[in-house]
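User: Hi! Could you walk me through this one with me? Here it comes.
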Amino acid sequence: MVSVSVSGSGSGSVSVGLLLALLSPSLALYFHIGETEKKCFIEEIPDETMVIGKYRTQLWDKHTGSFLPSTPGLGMHVEIKDPDTKIILSRQYGSDGRFTFTSHTPGEHQICLHSNSTKMALFAGGKLRVHLDIQVGEHTNNYPEIAAKDKLTELQLRVRQLLDQVEQIQKEQNYQRYREERFRMTSESTNQRVLWWSIAQTLILILTGIWQMKHLKSFFEAKKLV
């Protein structure tokens, strides 16, 4: 089970654990978004991994007091940034949409969605419910379609699934090693800075002590006490 949280107003942020995402076939959730709000999700993705996102929107109806399917004119803008904050996808979709991208850099990818209601009078001060489903890695494959296209037997299809799973696990392990390497480099850098700061403090204390001794000696000599 994947645990997520969305902040209340303004831009939201959702963090999804990498290993939890590996165990779950997809991340499915829904959230509410206001007329000028922008919701962002953080997904940790290995490199060279395909991600498919599907969403559908429902518009709040004051008369029925419930969410109804949105009108076709109401769309969503999807923007995706890689760990280097480089935009790899920025596109306008309809009220229901599907977006696909492939990661080329391992790390946290930011997936942001906001409506185009600022240009249209469809909201009328209401709120929008967005159902989002994100699939990562081998979960993006449509195996029945692959079996029909390549004319695979049930055993061959199962072997294909296992190979895809092994490949995805290998990517996840490589990403974990990448994270461990970055953490080790950060720890070594922090330890080195702490060491040099300690040395600097020691030198300052020694120099201060030497200056105080010379100052006291000159003071006593001026007073002819020594």
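User: By class, what residues does the lining of the largest pocket have?
Analyst: The lining has four nonpolar, one polar and three charged residues. Ala, Val, Leu, Ile, Met, Phe, Trp, Tyr, Cys and Pro count as nonpolar, Asp, Glu, Lys and Arg as charged, and the others, Gly among them, as polar. Mind that this is a predicted model, where local features need pLDDT of at least 70, side-chain atom pairs count only at pLDDT 80 or more, and totals for chains, interfaces and linings use all residues. Residues are numbered from 1 along each chain as its sequence is written, and side-chain values use heavy atoms, with hydrogens and water left out.
User: Which residues line the largest pocket?
Analyst: They are Pro 83, Gly 107, Glu 108, Tyr 175, Tyr 178, Arg 179, Arg 182 and Phe 183. A pocket here is an open set of points on a 1 Å grid over the protein atoms alone, where a 1.4 Å probe fits, with protein on both sides within 12 Å along at least five of seven lines; lining residues have an atom within 4 Å of a point.
User: Which element gives the largest share?
Analyst: α3, with five residues; helices are DSSP runs (H or I, at least four residues), numbered from the N terminus.
User: New topic: how far does α3 reach?
Analyst: α3 has 69 residues and reaches 101 Å from first to last C-alpha, close to the 102 Å expected at 1.5 Å a residue, taken as 1.5 Å times one less than its number of residues.
User: Which residues of α3 are buried?
Analyst: Leu 157, Gln 161, Asp 164, Gln 168, Lys 171, Glu 172 and Tyr 175, where buried means under 20% relative accessible area (1.4 Å probe, protein chains only).

Methods: Helix = DSSP H or I, 4+ residues; strand = E, 2+ residues; numbered from the N terminus. Buried < 20%, exposed > 50% of the residue type's maximum accessible area, 1.4 Å probe, protein only.
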